[in-house]
Amino acid sequence: MTAEPLSPDLHALSDGEAAPDREWWRGAVIYQVYPRSFADTNGDGIGDLPGVTAHLEHIASLGVDGVWLSPFFTSPMKDFGYDVADYVGIDPIFGTMADFDRLVEKAHALGLKVIIDQVYSHTSDLHDWFQESRQDQTNPKADWFVWADAKPEGSPPSNWQSVFGGPAWTWDARRHQYYMHNFLKEQPQLNVRNPQVQEALLAVARFWLDRGVDGFRCDALNFSMHDPALTDNPPVLTPGKRTRPFDFQHHDHNQSHPDILKFLTRLREVADSYGDDRFLVAEVGGEKANEEMKLYTEGADRLHSAYGFLYLYADKLTTDLVDKGPAMWPGGEGEGWPSWTFSNHDAPRAVSRWVEGRDPKAFAEMALLLLMCLRGNVFVYQGEELGLPQADVPFDRLVDPEAIVNWPDTLGRDGARTPMPWKTDNGFAGFSEVEPWLPMDPRHRALAAETQERDPNSTLHLARRLIALRHSHPALRIGSMTMLDGPGDILLFRREGEGETLLCAFNLGHEAIDWTPPAGWSVVEAVNQADAFSGTLAPMAGVVLSEAG
């Protein structure tokens, strides 16, 4: 880990200063809801929008700034909503447009911003646009998706592989061509380079902004444009574990085309036309994520922030891993603003990935404090405030296509998507009155929100305290972050902003380590550590200290 020693003349990675009227989203805490697994109100075993609305007080009680809703649009659910069949329709399993309007109204009344997913790189194969496009090569939407002729011997136009396994091309007999899909074959690739497609997508954005949403999380945004020459991707020659054909290539040509930036400028113009408080965050994954996150948020005419995968798939929490965040975002002129998360609907829960046989509750609480101390926006995934581990889902209950294809090499996504536990003594933990679409893990039932509400020492109560800590200290919300040298597995960094300086220390290891804060500092917050000045920092301990004066 490259860092500076603890000394008075530290130079910060950025000035971290912001005007008193700074944007609401800068340094915000946003709570992610996966509606399918949040709360079921109509007895079909699937969560719905009224279920989200019914529990908005729980979300607001955490002290977060907003809520991000994963897709609830009309969909055949091949990829559980990320295969959109109608961008401006509510799927009946989630409710109605009136239900959505009530959700937004109540969220705003509780002081919560509402962010929704937008999937601009692909649709469902049942979307009207694709159904028209596939009829022939001359219809009005013939060029709305990515079509290409077969090679002379009949093979696909390029060697591109899909994320979910197999070629990124499927033959369509009506068009006598292949269509491209970076994900499932039921998720055909939109030709976002087409101006008509861009206009249609921007109209979708306006539709939801007109309904009162406060911003968008743009899914798989770096997949939205490709090399029009359909150049083959080069192979990955370095050794390493590969669980799918997608991992055997460098993805130089099937995604990440520079023209994406022009579309982002157009999207930002639309958002800004609704006022300066709308928020756009890009999901950016893959081997070029660091570079693309910066590109997509550079300057004042692109997106506000980028949502990275630095922590989401890491199998171990180390000082070197955390060090990469501020190194990626040093706060240079014109630089955007990062967003971080430890868990979400696409990755195994952090507690299970990182706990390494230690006490899960203690680890979950240290991780929450660390998340609140990072520079950037932070996203809290539903159940993270309860310290939920990755759920056990037997093979015969798996529904996620990625989990099924890769079984048993990965933990899969289903274990992060199981129902939210609300009550311990209820048959299905208060999520539903019937068997849920994914099984309820008994360990989750024991960690139900109602049970933790009654326990003042619960992870839930601590989560509220830690989120309040972030809001009450400008240095944590918008300040600079400077990495320092710490002994052994101690992660040490300084946060500075708006006239205050905080020192953050975490023992990421398995054993106590000799360490004492420097003289003149006082404890602001501590988890898993009774006395920060005892001379040792306990394993899984985290402390935040304030500089006197």
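Colleague: Why does C218 count as buried?

Modeller: This is a predicted model, and in it C218 has a relative accessibility of 0%. Since buried means under 20% relative accessible area, C218 counts as buried.

Colleague: How do you know that C504 is in no disulfide?

Modeller: The nearest cysteine sulfur to C504 is that of C373, and it is 3.9 Å away, whereas a disulfide needs the two sulfur atoms within 2.5 Å. The structure as a whole holds 0 disulfides. C504 also has 0% relative accessibility and counts as buried.

Colleague: Why is the pair of Y307 and F379 called edge-to-face?

Modeller: The centres of these two rings, Y307 and F379, lie 5.1 Å apart and their planes stand at 90°, so the pair is edge-to-face. Y307 is in strand 11 (residues 305-307) and F379 in strand 13 (residues 377-381), so the pair ties together parts that are 72 residues apart in sequence.

Colleague: How do you know that the charged end of K294 sits over the ring of W329?

Modeller: The charged end of K294 is 5.7 Å from the centre of the W329 ring, and the distance limit is 6 Å, with a further limit of 35 degrees from the ring normal. The charged end of R353 likewise sits over the ring of W354, 5.0 Å from its centre.

Colleague: What makes helix 8 largely enclosed by the rest of the structure?

Modeller: Helix 8 (residues 319-328) has 10 residues and 7 of them are buried, so the helix is largely enclosed by the rest of the structure. The buried ones are T319, L321, V322, D323, G325, P326 and M328. These residues pack against several elements, among them helix 7 (289-297), helix 9 (350-354), helix 10 (360-373) and strand 12 (337-341).

Colleague: How do you know that strand 12 and strand 13 pair?

Modeller: Strand 12 and strand 13 are joined by 3 bridges and run parallel, while pairing asks for at least two bridges. W340, for instance, has V378 in strand 13 as its bridge partner. Helix 10 packs on the sheet, touching strand 1 (29-33), strand 12 and strand 13, and its direction makes about 150° with that of strand 13. The sheet is a closed barrel of 8 strands, running 1-2-5-9-10-11-12-13 with parallel pairing, and the twist averages 25° from one strand to the next.

Colleague: Why does R268 count as buried?

Modeller: R268, which is placed in helix 6 (residues 260-272), has a relative accessibility of 12%. That value falls under the 20% cut-off, so R268 counts as buried. Leaving out residues up to four places away in sequence, R268 touches L280, A300, D301, R302, L303 and H304.

How values were computed: Residues numbered from 1 in each chain as written. Predicted model: local features only at pLDDT ≥ 70, side-chain atom pairs only at ≥ 80, totals over all residues. Heavy atoms only, no water. Phe/Tyr/Trp six-rings, centres within 6.5 Å; stacked < 30°, edge-to-face > 60°. Helix = DSSP H or I, 4+ residues; strand = E, 2+ residues; numbered from the N terminus. Buried < 20%, exposed > 50% of the residue type's maximum accessible area, 1.4 Å probe, protein only. Contact = heavy atoms within 4.5 Å. Axes fitted to C-alpha atoms, helices over the stretch in contact; angles between N-to-C directions.
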